[in-house]
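Please look over the model shown below before reading on. The report then describes some of its parts in plain terms.

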Amino acid sequence: MIKPIVHFFGDEQYARPRRRLFYVVLVLIVVADFLVSREHAEYLWDSLPGWSALYGFVSCVLLIFVSKFLGHRVRLMRREDYYD
Amino acid sequence: MTDFIHPALLFILGALPIPFLSGSVRKAYLLLIPALAILAVLAMEPGSYGEARFIGQEILIAKVDKLSIVFATVFTIMALIGMVYALHLTDAGQHMAAFVYVGSALGVVFAGDYLTLFLFWEGMAFASAYLVFAQRGGPAIRAGFRYLMVHITGGVVLLGGIISHGLATGSLLFGPIAGGLTNGGMGVGDYLILAGFILNAAVPPLNAWLTDAYPEATVTGAVFMSAFTTKTAVYVLARAFPGTELLVWLGTIMALYGVIYAVLENDCRRLLAYHIVSQVGYMIAGIGIGTEMAVNGAASHAFAHILYKALLFMGAGAVIYVTGRRKLTELGGLYKTMPLTVALYMVGALAISAFPFFSGFVTKSMVIAAAGADHRALVVLALTMASSGTFLHTGLKLPYYMFFGTDRKLEAREPPRNMLIAMGMAAVLCIAIGVFPQPLYALLPYPVDFEPYTGLHVMESLGLLMFTALGFVLFLWALDPEQTISLDTDWFYRKGARAFMWLAERPLARYEQAVSNVSETAALPLLHGAARAGLRLDLAGVDAVVNGIAHSILHGGGRLRRLQTGVVTHYVLAMVVGLIAATVVFVVAWR
């Protein structure tokens, strides 16, 4: 059972259904976020439907580009023989 | 004292027979000891055991309460899983080092006073260093020495702190220090103790030893290392410094620091090591917040973290074991030949990312909720962002480039069965804790009033994680691993040591210059005469001798060099043996 699942995520032939499934899940999450009860919202952003989706996406993009900026421009990344 | 068996002794004394056993007897023995230790911890009653006096100080070998039992439980479970994973090894030294390492970690967890704590603290450093040295080869030996140097320095700082704390308060009993409410702020000694502790917790800027050494350790050694040193530090911080404001901020910075570096990393186990830094950040922040819920969160997160992080290290270790490669730029396409490893690794990845029904979900959220309940909006946002980064790397980037991505046509197969079983054990626990968090919650130091499975929380987590995945899919082109290493704070002592060597060599060079000046002006004419006289003698006899000596030195040098790498491991092994002996003497004296 495990093998077909792993292959579904790896094989090129499943690329289209994989992408479709992914987008369906994303839409479902946003829709469900509008339906869920928000009585216990602690902060302002907790009461906004879709907030966590937006925050997750923005965080991801920020982390990628800030890190790569630090790596390339601030020169944290060096050749592998730097210490040799 | 009758029904208390110290699990640390079980491991440390239990390490002694290992080299004398072989084959399946040894395998059975290696599993028996951790199993007995789990039973010993389960049977344990809270209380104080082994009070004594030593150099005029009160000693308390073992103080058992709920906090120590949480850590001891997961430590012993992890010891069993780690031993299963390492069962195929024939190297007795590594098994012994692992036993002493686990035993020392347990010794710290039960230590009731600072002297006992310090003894086991150092034991951990030496035993774990062996697991790096055992990898052999230049990079590992050098990393092992750096690891040892940093920990010895940290140990000295800790000892200094302990002594001045003892002088200031008149007691060496290990207990809550901070808060500053009860005893009017922290003294110098308390800050030194804190520094010693946060070094082992790998709090930036004292984090580089971890990410430097762990990827260089043996495949099985790194699994043990990922579990014990930092989490022991989390335990002692939770015991001594709950509610220290500084820790909230250090922990929050740490959580983001780890994920930022993880973007840059190309070595698979170094990437995972940066995620230890990140995950320990949540625990440190929880301890800093210091409310009952936050300390519960930190303890439970440590519990879950040990299991899923070990699972991730086991997965990456299996890949290294099978392919001999560790860089993401050289891996890819392994899912066809290693589907079970992929699936088990992904369980760990989903657990660390805090997907609903996995262990991270029920523990990490407790820390974040505690920060929210303490009205720390910034901490909540930063830790949530770090969660996104965790999934981005451990759940998406690493498996993508290691198992999927470009097919490098590597020859691979599933790892040995014992490795798969160990990963399976950890994976089952990751899911079991996520689905049934109550037994873990019951183990925590304070009563738990927290329900992770609310509709809002589940949806928030799914939204955060799946849209992180969207970001990954869209910006995959920017994430390709690069053949680089990243500068971290180890730069200061790696380059600093070189500067020191340069300084040391300069005066030497000058001295040499001066000597040769003298010889050229005064001694040279004199020598010329003598040289001419000696030439005949030289040509006849001495040359042959010199050549002979030079040859033997050349050979001897080569042999010495070969001997040296061996000696390093032996040297550490000797220290480990010495440590066991010291413990034995200690126990006998205590009886």
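Predicted model: local features only at pLDDT ≥ 70, side-chain atom pairs only at ≥ 80, totals over all residues.

Residues are numbered from 1 along each chain as its sequence is written, and chains are lettered from A and ligands numbered from 1 in the order in which they are written.

Chain A has three helices and one strand, in the order α-α-α-β along the sequence. Helices (H or I, at least four residues) and strands (E, at least two) are DSSP runs, numbered from the N terminus. The radius of gyration of chain A is 20 Å, well over the 12 Å that the globule rule gives for 84 residues, so chain A is more spread out than a compact globule. That radius is taken over C-alpha atoms, and the globule rule is 2.2 Å times the number of residues to the power 0.38. Of the 84 residues in chain A, 20% are buried. A residue is buried if 20 or more other C-beta atoms lie within 10 Å of its own, exposed if 12 or fewer, and partly exposed in between, with C-beta atoms placed from the backbone.

In chain B, strand 1 and strand 2 run antiparallel and are joined by seven bridges; two strands pair if DSSP finds at least two bridges between them. The two strands form a hairpin with two residues between them. B:I55 in the turn has a positive phi of about 35 degrees. B:A52 stands opposite B:I59.

| Element of chain B | Residues |
|---|---|
| Strand 1 | 47-54 |
| Strand 2 | 57-64 |
| Helix 13 | 339-352 |
| Helix 14 | 359-373 |

Helix 14 of chain B has 15 residues and should span 21 Å at 1.5 Å a residue; its end C-alpha atoms are 22 Å apart, which agrees. The expected span is 1.5 Å times one less than the number of residues. Twelve of the 15 residues are buried, so helix 14 is largely enclosed by the rest of the structure. Among the buried residues are B:F361, B:M366 and B:I368. They pack against several helices of chain B, including helix 11, helix 12 and helix 13. After helix 14 comes B:H375, with a positive phi near 60 degrees.

B:P339 lies in helix 13 of chain B. It counts as partly exposed because it has 19 C-beta neighbours inside 10 Å. Leaving aside neighbours within four places in sequence, B:P339 is in contact (C-beta atoms, placed from the backbone, within 7 Å) with A:I2, A:K3 and A:V6.

How values were computed. Contact = placed C-beta atoms within 7 Å.
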